[in-house]
Amino acid sequence: MQRSDAMKFPRAPYPEQVSYQVGLDKIQEAVISSHFMHELAGDPRLELYDEDRFVAKALHIDAEAVHDRLIPALREACDVFSGHRAAAARSRARDNHQDYGLADPRQVGTAQVITEVMFDRQYRAEPLRSCSRELLCGTVAERVEAGSPIEMVIPALPFKFSSPLKTRGRLPDLAELNFLLGLNEIVSTVEQIYRAARPDLQGPLARFTVVSDGSRYNKLVHEPDSVVERYWNRLGVWVERLRLDEHITILDYRSLLRDSMPAGDRRRKSAIAAGARTEYGRVLWSIFDPNDMVSAMTMAARVEPDPEYANAEGRFVSLLKSLIYTIKYDSLTMFDPLPADARHALYRDLTAHIFEPYVAIPPDELAGVRIDARAGLAPTDRVKERLRQMMLRESWACAIDYMAEIKSDRELAEDPILTCLPGHLRWTIHAKAGQLALSTPIAAGIRVQAWAGAAVFKLTRRKDVKLCTLPVLALEGAGAIPVRVRGVDDALALAGQPLFYIYPDVTFADMDDFLAVVRRSLVRRRTN
């Protein structure tokens, strides 16, 4: 039933917090989400496997079993889950009819039910009311009335981070596959509702575009274009293998803006970034002190140009702590020829100690501390102190550049993704006004994005099995079992990188039994 104006409740103007606002929110708006790594890295109980232990712990799964058993089990669980969410959306839309400006639940139609999918807590993560059902429903209703697909977009899947505490390889693993399947669940839920109402329509009725934003950030964290390209290309192989290509498209951020953003907007974006870089550099370099980072970070929270008042550490310091474990350090490239175990041990030592000096060295003596590659095997405290300060300087500079890049988007009159892809429903990793924050599965008390960790099958509180993501340090520190693929094809050629881990709380006899456990017990709930 279509609603009439006479049966609508009078509505006040939409509050600012439910529509796009220019500029970073001064109360709460995260810009990156790996600051949990600092606590993990400082926990001496957690250790990475050395190469011998990794090989001894690893199990193998045949490529044929991945494609014939594991992926079908995942797809089947996703199909069941999306069916349940479609049914739940219908009842919730009626319960929430007043939020759509309707006086009677019987007025709820297809547009409202589809919109309700976007507010499902299994899909959407906002703790606060940052979107309006009625406002979003207006866009959905236009698409439904035109018989057009519901188009959605999210910037995500940049590249696999290089930190050895987070990952054991740079290619997409089952974590990225899980992320894509999660998007497809939203698409499938919408499609089921839309198709039931309009069986006459042909082709896909919902689609998700992923704007892979690795090309936006890679130079800031010293990653070469080749890493981004290999990751992006392999994602495309997975989309095809999962037969998701009708419903999920992956675009490159830099190419999208180059091809679709007006030249004037691109110039404005560059000018904003340059101005922000100058402003942040002027304010924050003056307080940078690698010998007293506690004071420097405390002062940064007081003077940063874009404060985040709900965050006691401030936006800049939270970003800095995240980037410590994201940057590919130029300072450490001299140790690349060393064995992996030695490099990883040095990285772990330095990052765990990053805010605390190893030894006091006068500034005029620091540059004279000699470093060579062999020092990575048994570095002195003076060598580690010079490396620590070099890494801190890189991280501080990176955080300034990162904030400038974030502001270059957030201070435009319109979100640049929607400038390039108008009419799309805008999803995001971090909640912000007018955008839908994607729910991420929680494991071991933290939410980790697919590109910042490795895939793991882990038990839930209800003793079901859930596929989620954790940093490698948390996995190997807990004794998780890495699973590598035996038999190679173009989607699974991971060069020794595990396809996934199995957490110690999952019991099984062998790989055949594990696959049976997954088939029987896998759940797709993000929250209980």
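This is a predicted model: local features need pLDDT of at least 70, side-chain atom pairs count only at pLDDT 80 or more; totals for chains, interfaces and linings use all residues.
I started at β11 and strand β12 (residues 500-502), which run antiparallel and are joined by three bridges. Tyr501 in β12 is the bridge partner of Pro482. Residues are numbered from 1 along each chain as its sequence is written, and side-chain values use heavy atoms, leaving out hydrogens and water.

My terms: helices (H or I, at least four residues) and strands (E, at least two) are DSSP runs numbered from the N terminus, and two strands pair if DSSP finds at least two bridges between them.

Next I checked the other partner of β11 (residues 481-486): strand β1 (residues 59-62) pairs with β11 in the parallel sense, over four bridges. There I found His60 opposite Arg484.

Then I moved to helix α5 (residues 133-146), which has 14 residues. I looked up which residues are buried (under 20% relative accessible area, 1.4 Å probe, protein chains only; exposed is over 50%, partly exposed in between). The buried ones in α5 include Leu136, Cys137 and Val140. Just after α5, I saw that Gly147 has a positive phi of about 70°.

Most residues other than glycine have a negative phi. Leu157, not a glycine, has a positive phi of about 50°; I found Leu157 in the loop between β2 and α6. Ala444 has a positive phi near 55°, in the loop between β7 (442-443) and β8 (446-447). Buried or exposed? Leu157 is buried at 0% relative accessible area, while Ala444 is exposed at 54%.

Key: The expected span of a helix is 1.5 Å times one less than its number of residues.
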